Amino acid sequence: MKSTLNRLTPYVFFMPAAVIMIIALFYPLLYMIWGSFRRWSPSQQIGETEFVGLRNYISLWNDPNFAESMGVTLKFAVSVVTIEMLLGVGLALLLDRNIRGMSVLRTLFILPMMIAPVVVGLMWRYIYHPTIGTFNRFLDTIGVERVDWLGQNALMSVIIADIWQWTPFIFILSLAALQSLPQSALEASRIDGATGWQQIWHIKIPLMMPVLIVTCLLRLIDAFKVLEVILVMTEGGPGLSTEILALRISRTATEFRELGVAAAMSNYLLILLMLLTAAMFTYTKLQEARANRLRMAVEADD
Amino acid sequence: MPEIVFDGVEKSYGSVRVLPPLDLTLHDGEFTVLVGPSGCGKSTTLRILAGLETLSGGEIYFDGKPISALEPKERDIAMVFQDYALYPHMNIARNMSFALRLAKTPKAEIDAKVQRVADMLNIGHLLARKPAELSGGQRQRVAMGRALVRDAGTFLFDEPLSNLDAKLRGKMRTELAEMRDSIEKNMVYVTHDQVEAMTLGDRIVVMNEGVVQQQGTPEELFKEPRNLFVAGFIGSPSMNFMEGALVDIGGEMHVQGAGFDLPLDATTRTRLDTATDRNVTVGIRPSSFTTDTSGATVELRVIVAEYLGAQSVLVTKLGKTELLVETQSTAPFKSGVTQSFGVNTDEIMLFDRSTGLRL
Ligand SMILES: Nc1ncnc2c1ncn2[C@@H]1O[C@H](COP(=O)(O)OP(=O)(O)O)[C@@H](O)[C@H]1O
Ligand SMILES: [Mg+2]
């Protein structure tokens, strides 16, 4: 009797947190999934709505605008993550040294990450302004033709802003990974004759890889959900050129007043993100399994 | 295989001075051991030699050529680190061949070299494993192998055995001693363990607080230590020290102190240039005590007898001073008993009390 109680104790303590989790997380989620099978305008209670089965999903599948938006999102996410990874890791490799003033420099580098996205959006909108924007005024002074930043090149401009804001994230994680590398292995490689580049290529990058993969996945998941900065900068335009999924979902709900379709779209995004998360999870699991196997092998030997 | 000369080499970290100007010559083809207590600057010396640390002053010469401006890879050295420093993501074969692959050695030659060294070190069956899949002793061998695969002129070892358990350490020590004789290279070996130093070194350099105390063969250091530090550091169990004074008793020189009065033999006497009444520190090795009480004797109270097998070490007291006595285990000693021990007076060493120098 006593032992049963003892065994239950952890669960008792666990209960309140679990209840809150279920209410806060699963209730809206289930609500959304439920809603995605209904024809639902914002003026209706969910009870008054009509059940339409998979119709929302199917119509989305055949909707060229949704496909376009999905394409923009993919283009955006893949470009920003690739460039940010290259820049972030590169900067980390460059700044991983103990020079006086380096800590100040590192702090400066991560400032963009701390600014609220709405502010970032407004700032870049000003920088990109066709006539009074910083960039075009600069181009004027050096006598180069102006660029239509948020017009014809809207997607590129949005990508640049995102790179500015999120490269620091990859930078600090890479830097942390670099600084926790086994120093003596690097020293050994210097004695073995490795040049700076060879140290980076043969020792540093391979040893940072686990952190880099997780960082990349985190950033990818985040890039698929980006909203505020683009909303403020272009509102998705011109045309659909920067209408990423999150933006389209919000427009479908508010402008087109189709909550059911918006919910279905969210679910598509959710499925995509879950696939990414699953990939990340599998990766860590594989790592753990490998580590375990190694430990067993060592114990068997000793 | 260069001759290596440290000429006034200094090292400071900020305001902390680790090496005062250090002069040291490491002869060609010799196995030199740097020994000293932890924190005395042995690793720093080795790392400066390897080029992993910069000098704060002085210069190092390889066969007369200054090398302090050279990168580690330009110094033709191989090094075994205390924590082995294997590349965690490469298997053993790739760990061992890393330097050769960087040097663009032909693959067949690499394979042959790796195989030969691996067989020599009994790690041939581990080549496909990663470092994490090895035990401590195996990793140690791999670290050794990675250095040996390269045909470097100088081999540096930084306490390579200190992370092993006692039994394995003994075994590896023997293997290293064997290897030392078969490889004709400059080897510089750092350790805090004087037993390792005595077993392995052709020549031993005793360091304390960055200063070279004495260098010489193991026998020289044991028999003719130059000062108190070397006398106390070399030898196990370590030398006993007592405060005493030199007294002339009827034309014969004695050293006297609380509870002892020992005549000095002729050789010791001739070493002493100055007159009597001088305060000295008396050093007697635990092995200089005997159970033969026909000569000079001291009365010692046995506190504990540490049985080590054939030998026993007695912890005894003379007044308040603790003295170690090494004896055969066949003679039984009871704790708490006061007893006479003979002293081989020709093995007594005298040190100046203020400078610590051997008299
Ligand atoms: N990077 C460093 N910064 C400051 N002090 C150091 C550094 N490396 C070593 N020291 C100091 O230098 C002294 C000698 O160190 P080391 O050469 O590692 O000693 P050993 O190898 O003989 O144990 C120690 O007192 C240590 O604290
Ligand atoms: Mg050390």
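**Note on the contact between chains A and B**

1. Between chain B and chain A there are 2 salt bridges. In one of them, the side chains of Glu187(A) and Arg47(B) meet at 2.7 Å, N to O. The model is predicted, and the distance should be read as a computed value.

2. Counting residue pairs in polar contact between chain B and chain A, with both partners at pLDDT 80 or more, gives 9. On the side of chain B that touches chain A, the elements giving two or more residues are α1 (42–50), β6 (77–80), α2 (92–102) and α4 (136–149). By class, this side of chain B has 17 nonpolar, 5 polar and 9 charged residues.

3. As for extent, 31 residues of chain B are in contact with 23 residues of chain A. The two chains bury about 2,200 Å² between them, and 60% of that area is on carbon and sulfur atoms.

4. Helix α9 of chain A (residues 183–191) deserves a separate look. The buried residues are Ser184(A), Ala185(A), Leu186(A), Glu187(A), Ala188(A), Ser189(A) and Ile191(A).

5. Asp192(A) lies in the loop between α9 and α10 of chain A. Buried or exposed? Its relative accessibility is 8%, under the 20% cut-off, so Asp192(A) counts as buried. Leaving aside neighbours within four places in sequence, Asp192(A) is in contact with Tyr87(B), Phe98(B), Ala99(B), Leu102(B), Arg146(B) and Arg150(B). Gly193(A), which follows α9(A), has a positive phi, near 105°.

6. The largest nonpolar core has 99 residues, and those touching the most other members are Phe76(A), Phe6(B), Leu49(B) and Ile60(B). Helix α3 of chain A (residues 64–95) gives the most to this core, with 12 residues. A second, separate core of 45 residues includes Val35(B), Val117(B), Leu127(B) and Ala152(B). In soluble globular proteins, nonpolar side chains tend to be buried together.

7. Which residues surround Leu49(B) in contact, leaving aside its neighbours within four places in sequence? They are Ile4(B), Phe6(B), Leu26(B), Ile60(B), Phe62(B), Ile67(B), Arg75(B), Ile77(B), Leu156(B) and Val188(B). Two of these contacts, Phe6(B) and Ile60(B), are named with Leu49(B) among the core residues that touch the most other members.

How values were computed. Residues are numbered from 1 along each chain as its sequence is written. Chains are lettered from A and ligands numbered from 1 in the order in which they are written. This is a predicted model: local features need pLDDT of at least 70, side-chain atom pairs count only at pLDDT 80 or more; totals for chains, interfaces and linings use all residues. Side-chain values use heavy atoms; hydrogens and water are left out. A nonpolar core is a set of buried Ala, Val, Leu, Ile, Met, Phe, Trp, Tyr and Cys residues joined through side-chain atoms within 4.5 Å. Buried means under 20% relative accessible area, exposed over 50%, partly exposed in between (1.4 Å probe, protein chains only). Helices (H or I, at least four residues) and strands (E, at least two) are DSSP runs, numbered from the N terminus. Contact means heavy atoms within 4.5 Å. Buried area is the accessible area (1.4 Å probe) that two parts lose on being put together, summed over both. A salt bridge is a side-chain nitrogen of Lys or Arg within 4 Å of a carboxyl oxygen of Asp or Glu. A polar contact is a pair of N or O atoms within 3.5 Å; within protein, one must be able to donate a hydrogen and the other to accept it, and residues adjacent in sequence count only if both atoms are side-chain atoms. Ala, Val, Leu, Ile, Met, Phe, Trp, Tyr, Cys and Pro count as nonpolar, Asp, Glu, Lys and Arg as charged, and the others, Gly among them, as polar.
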